[in-house]
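This report describes one protein chain for a reader who is new to structures. Please look at the sequence and the model before reading on.

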Amino acid sequence: MTEVLYFYREKEDYGELSNFYKLKRPILYKEKSYATSEHLYQALKYLLKPNPTASDLKYAEIIRKSSTPYKSKILANQETGGGYKWRLDLNTIIKKYLDLGVVNQQFEDEELIDAMRITLKLKFKYDSHCRNVLLSTGDKILKEKAFNDAFWGDGSEGDGENHLGK
């Protein structure tokens with residue numbers, strides 16, 4: 001039976017496989033650099049829209065420049081919430097762009113997977129350290145141990161679709 005290798009947090013074993021891992025060499029996409037694969041994936045939700053508006057492109061740029069991968073995800077998903085000042089600052093940005101008509105388009109699953117394929121191909125192309133970690137896994141089955149995500153990870157019951165690990 002093939003061994004299963006779990007990954008999740010960027011600072012744990014095989015954390016280089018996480019989209020939140022801070023790359024040693026940023027990803028280049030259309031002559032712009034992205035600090036993590038999460039930054040690129042989230043920005044692609046706006047860059048790959050059919051006929052993106054100037055506001056969509058500006059919003060994608062805000063996502064690209066966000067200081068953490070988590071913030072890029074919050075911005076891309078346009079999730080407002082309370083709490084810390086940084087979170088309230090994100091709410092202001094999200095509201096401004098919603099008012100400008102920038103909406104998180106709901107892509108089909110296959111479109112999301114295609115965006116992730118673009119992202120991961122570039123991640124492993126540009127960051128040799130991450131590439132070497134991936135290659136070191138050999139023929140092991142890779143599973144993202146994401147309790148709260150049954151699409152990209154293995155979900156709370158371990159029976160998620162695990163698209164990130166495929």
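Which residues have the most contacts inside the largest nonpolar core?

## Basis of the model

This is a predicted model, in which local features need pLDDT of at least 70, side-chain atom pairs count only at pLDDT 80 or more, and totals for chains, interfaces and linings use all residues. Residues are numbered from 1 along each chain as its sequence is written, and side-chain values use heavy atoms, with hydrogens and water left out.

## Overall form

The chain has 6 helices and 4 strands; these are DSSP runs, with helices (H or I) of at least four residues and strands (E) of at least two, numbered from the N terminus. Their order from the N terminus is β-β-β-α-α-α-α-α-α-β.

The radius of gyration, taken over C-alpha atoms, is compared with a globule rule of 2.2 Å times the number of residues to the power 0.38. For 166 residues a compact globule would have a value near 15 Å, and the chain, at 16 Å, agrees with this. Of the 166 residues, 44% are buried (under 20% relative accessible area, with exposed over 50% and partly exposed in between; 1.4 Å probe, protein chains only).

## The nonpolar core

A nonpolar core is a set of buried Ala, Val, Leu, Ile, Met, Phe, Trp, Tyr and Cys residues joined through side-chain atoms within 4.5 Å. The largest one has 37 residues, and Ile27, Leu40, Tyr46, Tyr59, Ile63 and Trp152 have the most contacts inside it. Among the elements that each supply at least two residues are strand S1 (4-7), strand S2 (27-29) and helix H1 (37-47). H5 gives the most, with 8 residues.

## Helix H1

In H1, 10 of the 11 residues are buried, including Leu40 and Tyr46. The buried residues of H1 pack against S2, strand S3 (32-34), H2, H3 and H5.

## Lys123

Lys123 is found in helix H5 (residues 109-126). Leaving aside neighbours within four places in sequence, Lys123 is in contact (heavy atoms within 4.5 Å) with residues including Ser18, Ile27 and Ser37.

Lys123 is buried but has no salt bridge, that is, a side-chain nitrogen of Lys or Arg within 4 Å of a carboxyl oxygen of Asp or Glu. The nearest side chain of opposite charge, Asp127, is 8.0 Å away; Lys and Arg count as positive and Asp and Glu as negative, while His and the chain ends are not counted. The side chain of Lys123 does reach the backbone oxygen of Ser18, at 2.9 Å.

Notes
A polar contact is a pair of N or O atoms within 3.5 Å; within protein, one must be able to donate a hydrogen and the other to accept it, and residues adjacent in sequence count only if both atoms are side-chain atoms.
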